[in-house]
Amino acid sequence: MEISAEEPQREQRPRPPLPSPPPEPDEVPGDFASAIGVLAAGREDFEGLAAELLEPLTLSGAASNGLPAVLEGFGDRVRSRHGTPRTALLAAADRAILITAFCEAVADSGIHYGPELGYQQGDITTQIVAELEQVVLGTDRVRDASELRHEITAAYTYAAGIVHGEGSPQDQYPEDLARHAWQRYEAHMASATWDCPELRLTSNTEDPPEVAEQGHPPGPSYALRPLSHWLGQFAADPAPAHRYKRLLRAPVADAEDAGPAMPTLENGYVDPAFRQAHQHSSGRHLSSDDWWLTQPKREDFGEFLAAHLLTAHATSAPLVILGHPGSGKSLLTKLLAARLPEAEFFCQRIELRHIPADLDVQGQLEESLRRSTGRSTPWPEATDPGTVRVVVLDGFDELLQAASADHARYSNYPHDLADFQLRESELGRPTIAVVTSRTVVADQAPTPRLSTVIRLEPFDDDRIGHWVQVWNTTNRRYFTARGLQPLTRDVLQPHSDLISQPLLLLMFALYDASSNALHQLKGEDIGRLGLYERLLTEFTRRQVAKHNGALPHPAEAAAVEHELHRLAVIAVGMFNRRRQGITASEAHADQSALLDTDAAPSPLLFGSFFFIHEAQAVVTGQHRHSYEFLHATFGEYLTARLIIDELKHLLPADTPHPAAVAIDDRLHALLSHVPLVDRAEVARNLTGLISSLSQQQRRHLTALLIDLFKAATGDVTRPDQPAYEPLPACRGEREAVYSVNLLLLTVLAKDSVCVSRLFDTRNPIDSWRRQSMLWRSQLSETSWVTLTDTLTTELCTDPHTRDPDVCVRLFPPPTAQTALSGPRTQILKPSTPALTGIPSRVTSPTCAGLPPSRTTSARCTSCTPWHHWHSTCLPHWRPTTSPTINTRAPPRTLSSPCSTRSPLPRSPPRQGFSTFSTPCPHGSARLPRTSSPAFSSTPSHTSPSALSPTSWTSSRPCAPPPHAAWEQLPG
């Protein structure tokens with residue numbers, strides 16, 4: 001009802017003045033006194049409350065109950081604040097409850113000073129408060145519940161020990177006081193979190209039900225819905241920014257016009273599990289997958305992100321999110337930006353690949369604002385003062401990888417970002433930073449001390465099942481219209497080692513959606529390598545058709561093979577550089593050298609492959625690209641594929657003995673930089689590809705490799721050598737690596753090979769020893785150990801000439817491990833005794849069809865593999881003209897671990913040869929030599945100093961010999 005102007009106004013009663021709201025804290029408290037000051041907010045009733053709460057620590061029997069009063073209405077106060085004031089209130093309550101709970105426990109314990117102690121009362125208040133203030137609480141940094149609980153109880157136990165050391169415990173133990181303090185802490189925390197979900201989110205010390213009850217965790221959540229739920233609890237308006245809200249309806253990947261539909265980000269993103277690193281983790285640990293497996297696995301990803309936004313460290317250092325290529329890091333940044341309420345946060349998402357890398361952090365933010373809004377906006381004016389700003393930086397690894405030439409300049413980027421956050425907080429513009437990067441480069445850039453680092457976990461069976469369900473629901477009409485079966489978990493099960501990354505899972509789903517290709521493989525045994533070939537061929541064909549249009553089948557097949565060959569050159573370039581990525585300039589140089597072409601590789605085509613990750617960075621105005629395989633398996637397969645293709649190219653069709661010395665220049669370029677044994681998966685793939693050849697092809701391949709080995713160990717010149725130098729290396733090192741790789745390929749092709757076939761010499765044992773010592777001098781320590789762990793040697797006899805020989809085979813021999821040709825072949829040797837590093841082997845399989853008496857050899861069980869390789873611990877056979885007798889040999893010591901003796905052959909040896917036992921040079925035992933009128937032997941170390949027991953004395957039986965002894969090894 002309207003009131004007329006003539007109607008007299010009612011007399012207004014005077015209202016009592018409203019109490020002024022407590023002032024907002026402008027910084028997060030760092031100590032107990034400041035925390036109580038933030039909670040008291042200048043109210044006169046709580047003046048001196050901090051000293052009153054600490055009074056029980058004087059052990060005078062005083063007690064205080066002032067904490068519940070200062071926390072009254074705490075939840076309403078928190079919800080009326082946002083940004084730094086809200087974080088300050090949460091941190092203040094957290095710190096106050098921690099210390100007050102212990103003080104109350106001391107008051108309840110009755111511990112006090114007494115005259116019977118006989119010494120002056122000391123001040124333990126400062127010591128105890130300083131100890132408890134060092135606890136990193138959940139409002140400082142997101143903590144795992146069990147980790148936070150353990151740290152609090154450890155601090156209480158230490159403080160209880162101080163109290164018991166100064167006061168009269170009255171038949172109490174420190175553990176009892178610590179336990180009572182924990183009970184008081186839980187009681188105060190339960191009361192404070194009753195109406196404050198924010199504090200419950202950050203400071204919860206109770207394990208989730210699935211952990212407490214040892215049960216299975218609930219199903220995975222989608223699209224960070226828990227984050228949205230928690231933000232809605234304390235945000236006045238949970239609506240996200242309009243410019244990012246559209247991302248929820250965007251597909252997870254670009255779809256083909258006639259292909260299956262892509263799930264939207266809101267429906268197709270399955271929240272991953274993750275692991276959190278402790279605060280003092282080093283970069284070396286952060287880049288190690290094995291180390292990450294030692295960290296606890298967490299399932300509450302949405303809750304973790306919500307809690308991080310409320311912590312003090314969030315505005316002091318960036319949150320670093322690590323993951324492998326294809327783990328969904330970029331999709332996560334889009335989803336995070338789309339979930340943040342606009343009323344609470346101002347979010348700016350930046351793809352570092354598109355922003356000039358030579359700008360500072362503020363320059364990158366302002367450039368990103370200009371591109372997203374269309375106008376130039378200074379960063380200080382981007383939003384209202386006091387609003388929390390969230391900067392999401394996607395692809396820091398791309399900045400490091402693509403700008404590898406300026407690596408030192410950009411490796412300090414995380415610290416520059418932390419300094420930027422500190423400056424913004426001091427100026428009243430609190431800024432939260434989130435950075436994504438690949439796990440493998442985590443050791444290339446130091447992480448700020450206050451940073452929180454997590455790693456996204458691969459998909460488990462439950463997440464794969466949920467993703468497949470969403471995929472089938474999205475493409476139900478597509479499958480029905482084309483008569484296709486939906487994707488099932490059983491079809492994907494044989495490929496579980498690949499589909500654990502979301503993008504690779506999508507790759508398999510697309511591959512099956514074409515013609516149910518995976519369903520057809522269910523009853524077909526094509527093997528692991530056959531699957532890789534089909535996957536790579538199919539996706540390469542799609543990209544060729546997409547960029548070149550429809551082509552006749554022969555032309556399309558030739559184009560696909562050409563692109564696969566180019567990809568294989570890129571894979572070999574990564575292998576020979578011992579890196580997982582390669583820059584565009586390096587790829588161009590490699591292809592120009594190996595493919596005889598000056599055409600640059602198309603960044604568009606390479607970057608479009610599902611199994612290729614393209615990193616970009618803008619440095620000094622130039623776009624720099626680099627490439628990496630989403631899964632290292634694809635690069636390792638393509639590397640082996642290119643090597644086998646090159647060998648097939650060298651194989652003639654008619655004769656098994658080609659004149660290949662003059663045409664192996666490109667093979668030499670491929671195989672003369674890194675030993676193949678350095679990457680076990682490459683050697684495993686080579687084994688599978690060679691096993692797929694026919695028997696005739698393997699015989700021809702063996703003959704070819706032996707001829708190439710003979711030429712490589714000789715004085716060969718290569719005038720037409722391609723200009724391919726992925727890394728600088730001297731000629732001696734390259735020739736050694738090339739001959740080692742040829743030897744490995746020969747053994748893979750023939751299972752075993754006798755040294756007499758590799759060298760044109762009458763003394764193969766001596767030639768083998770010289771060559772192995774050359775390899776030892778040119779290979780790195782890691783490569784040499786891996787080589788001697790992969791190949792083993794055995795003494796044998798030539799079946800035709802009955803001359804002594806050495807047989808080289810894989811370790812263990814194929815006869816003892818029939819799985820070599822299977823899908824899970826392991827090139828490296830199995831686990832061995834920790835003391836010796838090699839298994840004890842007295843009787844070896846027969847070689848070249850000889851009876852065991854001809855091939856049985858003893859091996860020193862205390863020697864390292866290189867001793868066995870260059871025959872220091874093998875019997876030596878030498879021609880002689882007159883018998884000799886060893887007069888210096890000491891008596892035989894049977895207890896020595898290095899006492900080895902070669903058994904005599906059952907039939908008389910040939911004229912001019914003798915057998916004798918050779919002692920291991922690292923023990924004090926010496927064995928007498930066996931001689932006869934027709935035979936003689938010479939010790940393997942002819943100089944007196946080498947034969948003296950003292951020259952080989954060591955604290956352990958198998959310490960490596962001094963370099964002087966190496967030089968005295970005979971020819």
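**Close-up 1. Helices α33 and α35 cross at roughly 45° in this predicted model.** The axes of α33 and α35 (residues 731–750) come within 9 Å of each other. The crossing of α33 past α35 is right-handed. On the α33 side, the residues in contact are Ala 683, Leu 686, Thr 687 and Ile 690; they meet Leu 745, Leu 748 and Ala 749 of α35. Sorted by class, this contact contains six nonpolar residues, one polar residue and no charged ones.

**Close-up 2. Asn 685 lies in helix α33, which spans residues 680–691.** Is Asn 685 buried or exposed? Its relative accessible area is 0%. Buried means under 20%, so Asn 685 counts as buried. Leaving aside residues up to four places away in sequence, Asn 685 touches Arg 528, Leu 529, Glu 636, Tyr 637 and Ala 640.

**Close-up 3. Seven strands form an open, mixed sheet.** The strand order is β2-β1-β7-β3-β6-β5-β4. Strands β2 (297–298) and β4 (345–351) stand at the edges; each has a single partner strand, so one side of each is left without a neighbour in the sheet. Strand β1 (residues 274–276) runs antiparallel to β2 and is joined to it by two bridges. Here Arg 275 stands opposite Lys 297 of β2.

**Close-up 4. Strand β6 pairs with β3 and with β5.** The pairing of β3 with β6 is parallel and has five bridges; in it, Leu 322 has Ser 437 of β6 as its bridge partner. Strands β5 and β6 also run parallel, joined by five bridges, and Val 391 is partnered by Ala 433 of β6. How many of the residues of β6 are buried? Eight of the eight are, so β6 is largely enclosed by the rest of the structure. Both of its faces are covered. One side carries Thr 431, Ala 433, Val 435 and Ser 437, and the other carries Ile 432, Val 434, Thr 436 and Arg 438.

Note on methods
Residues are numbered from 1 along each chain as its sequence is written. This is a predicted model: local features need pLDDT of at least 70, side-chain atom pairs count only at pLDDT 80 or more; totals for chains, interfaces and linings use all residues. Side-chain values use heavy atoms; hydrogens and water are left out. Two strands pair if DSSP finds at least two bridges between them. Helices (H or I, at least four residues) and strands (E, at least two) are DSSP runs, numbered from the N terminus. Buried means under 20% relative accessible area, exposed over 50%, partly exposed in between (1.4 Å probe, protein chains only). Contact means heavy atoms within 4.5 Å. Axes are lines fitted to C-alpha atoms, for helices over the stretch in contact, and angles run from 0 to 180 degrees between N-to-C directions. A crossing is left-handed if the near helix is turned anticlockwise from the far one by less than a right angle, and right-handed if clockwise. Ala, Val, Leu, Ile, Met, Phe, Trp, Tyr, Cys and Pro count as nonpolar, Asp, Glu, Lys and Arg as charged, and the others, Gly among them, as polar.
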